[in-house]
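This briefing is meant for a reader who is meeting the structure below for the first time. Please keep it in view while reading the points that follow.

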Amino acid sequence: PIFYENTYKTYPTLFLIDVGLFVIEPLRAMMDNIVVDKAIAEEAIVIGSGDYDVTGTSDGRGTLLTPTPGINWVCAKGDYSDQCGGCIPQGVDQRGYIEAMRDGCGIATVTGGHGEEYLNHFYKEVLPVIQSAVNNRMITDREHLGISGCSLGGLLACHALYTRQQTYGFVSH
């Protein structure tokens, strides 16, 4: 509420990766209850990010939230439901399935590795738009700009802190 009462106050900023609207509102209420009301930490502006629909990919999260490309195996004869067209023996676990794809009829496809582009997009394009929308009330110098995330978002947050120490002053995973 203080955000609207004191229009001159500025706030540290936290970019929260891999948390969309379905989580951000309950998270805000929890943080208000636990952290702000009890004055455990100062208030901050939290920018959540979700919805990773990437055209031409089946896994937007895996595409955008990984800092380096990886290999995914696609079967040339079938899919997981039919044991890759019968190429993979029954009862093979996930690791065995991947090994069988690698050694058999699987086709290696490069996937992911767009984390750097995602971080650049946030910092150079998204952050300035939000800064303008809140009348320059976000503090975005290194000491006051943090990045956090869950799951693959946590991986990318740790990568960002490691590779962009001049930009982000704190991270949580």
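Strand S1 is mostly covered, since seven of its seven residues are buried, where buried means under 20% relative accessible area, exposed means over 50% and partly exposed lies in between, using a 1.4 Å probe and protein chains only. This is a predicted model, in which local features need pLDDT of at least 70 and side-chain atom pairs count only at pLDDT 80 or more, while totals for chains, interfaces and linings use all residues. Residues are numbered from 1 along each chain as its sequence is written, and side-chain values use heavy atoms, with hydrogens and water left out.

**Overall make-up**

- The protein has six helices and seven strands, these being DSSP runs numbered from the N terminus, with helices (H or I) of at least four residues and strands (E) of at least two.
- Along the sequence, the elements follow the pattern α-β-α-β-α-β-α-β-α-β-β-α-β.
- Of the 173 residues of the protein, 33% count as buried.
- Among contacts between residues at least 6 apart in sequence, 73% join residues at least 24 apart, a contact being heavy atoms within 4.5 Å.

**Strand S1 and its partners**

- S1 and S2 run parallel and are joined by five bridges, and two strands are said to pair if DSSP finds at least two bridges between them.
- Within this pairing, Leu 14 stands opposite Val 46 in S2, and the bridge partner of Ile 17 in S2 is Ser 49.
- S1 and S6 also run parallel, joined by five bridges, and here Leu 14 stands opposite Gly 146 in S6.
- S1 pairs with S5 in the parallel sense over two bridges, with Tyr 11 standing opposite Met 138 in S5.
- S2 has a covered face made of Ile 45, Ile 47 and Ser 49, and an uncovered face made of Val 46 and Gly 48.

**Nonpolar cores**

- The largest nonpolar core holds 20 residues, of which Phe 15, Ile 17, Ile 47, Tyr 118 and Ile 147 touch the most other members; such a core is a set of buried Ala, Val, Leu, Ile, Met, Phe, Trp, Tyr and Cys residues joined through side-chain atoms within 4.5 Å.
- At least two residues of this core come from each of strand S1 (11–17), strand S2 (45–49), helix H5 (115–133), strand S6 (145–149) and helix H6 (152–163).
- H5 gives the most to this core, supplying four residues.
- Apart from this core lies another one, of six residues, including Cys 84, Ile 88, Met 101 and Cys 105.
- Leaving aside residues up to four places away in sequence, Ile 47 touches Thr 13, Leu 14, Phe 15, Leu 16, Phe 122, Leu 127, Ile 130 and Met 138.

- The axes of H5 and H6 come within 11 Å and cross at roughly 75°, where axes are lines fitted to C-alpha atoms, for helices over the stretch in contact, and angles run from 0 to 180 degrees between N-to-C directions.
- H5 and H6 are therefore roughly perpendicular to each other, given that angles under 35 degrees count as roughly parallel, over 145 as roughly antiparallel, 65 to 115 as roughly perpendicular and the rest as oblique.
- The contact is made by Gly 115, Glu 116, Tyr 118 and Leu 119 of H5, together with Leu 156, His 159, Ala 160 and Thr 163 of H6.
- Arg 164 lies in the loop between H6 and strand S7 (170–172), and counts as buried because its relative accessibility is 11%.
- Not counting residues up to four places away in sequence, Arg 164 touches Glu 116, Leu 119 and Asn 120.
- The side chains of Arg 164 and Asn 120 are joined by a polar contact of 3.0 Å, meaning a pair of N or O atoms within 3.5 Å; within protein, one must be able to donate a hydrogen and the other to accept it, and residues adjacent in sequence count only if both atoms are side-chain atoms.

**Loop residues**

- Ala 44 is placed in the loop between helix H2 (21–36) and S2, and is partly exposed, with a relative accessible area of 40%.
- Ala 44 and Met 138 are 94 residues apart in sequence, and 8.3 Å apart in space from C-alpha to C-alpha.
- Asn 135, in the loop between H5 and strand S5 (138–139), has a positive phi of about 55° although it is not a glycine, and counts as exposed at 61% relative accessibility.
- Asn 136 is found in the loop between H5 and S5, has a positive phi near 60° as a residue other than glycine, and counts as exposed at 55% relative accessibility.
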